Amino acid sequence: MAEGDIKNDEYWRDKLSASEFRICREKGTEPAFTGEYWNCQRAGRYRCRCCAQILFDSQHKYDSGSGWPSFYQPVSTDAIVQTLDTSLGMHRTEICCSACRAHLGHLFSDGPAPTGMRYCVNSASLVLQGNDDEEL
Ligand SMILES: [Zn+2]
C-alpha cells in the first residue's frame, strides 16, 4: 500500500474474511462463546487483525464470563481509541484500534482490579501471537 494509513472497504474486503470484515469494519459483534479466543489462556500478545498493531497482552486477560475475550487494560492507552456508541438505544463506549480504526468491541466499567475496566473484544478483531511463536 503506497497511500498513507487510510484503507478503503475494497482493501479490507480483500484482506479479511466476510465475518471479519463485518465485525472489524462494520462494527459487528460475534456471538458469545463462539470466537477463537474467549476461552484462550495462551500467553502472548494480541494484535489487531487488520493492521497487526499490538493491542492487548495475555497477562491482562481474565475470564469475564461474557463469552468474549476480556482484558482489564490494553498494552497502552495509545493503542486504543474510545468513542461514544449510541446504537441499539444504548450508551456504550466503543473501542477501536488507534492505527487503522478497526472496531474491536466495547469498554465497560465492571472489570476487576486494578483498573475496574472491562475491554470486551471480538476474537475476530484479534490475532494472538504466542510468546513461543516466531516474530512476525
Ligand atoms: Zn488496527
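**A walk from alanine 79 to the zinc site**

Start by selecting alanine 79: it's buried, with a relative accessible area of 5% (buried means under 20%, exposed over 50%, partly exposed in between, using a 1.4 Å probe and protein chains only). Before you click on, this is a predicted model, where local features need pLDDT of at least 70, side-chain atom pairs count only at pLDDT 80 or more, and totals for chains, interfaces and linings use all residues. Residues are numbered from 1 along each chain as its sequence is written, and side-chain values use heavy atoms, with hydrogens and water left out.

Alanine 79 sits in the loop between strand S4 (70–71) and strand S5 (80–85); strands here are DSSP runs (E, at least two residues), numbered from the N terminus. Show its contacts (heavy atoms within 4.5 Å): leaving out residues up to four places away in sequence, you'll find Gln53, Ile54, Leu55, Cys96, Cys97 and Ser98. The C-alpha atoms of alanine 79 and cysteine 97 are 6.2 Å apart, though 18 residues separate them along the chain.

Now follow Cys97 to the metal. Which protein atoms are the donors of the zinc ion? They are the SG atoms of Cys48, Cys51, Cys97 and Cys100, lying 2.3 to 2.4 Å from the zinc ion (donors are N, O and S atoms within 2.8 Å of the metal, or 3.2 Å for Na, K and Ca). Along the chain, their spacing reads C-x2-C-x45-C-x2-C. The angles among the four donor atoms run from 103 to 116°, making the site tetrahedral (four donors, all angles between 85 and 135 degrees).

Last, colour by accessibility: cysteine 48 is buried at 2%, whereas cysteine 51 is partly exposed at 31%.

Note on methods: Tetrahedral: all angles 85-135°; square planar, octahedral: opposite > 155°, others 65-115°. Helix = DSSP H or I, 4+ residues; strand = E, 2+ residues; numbered from the N terminus.
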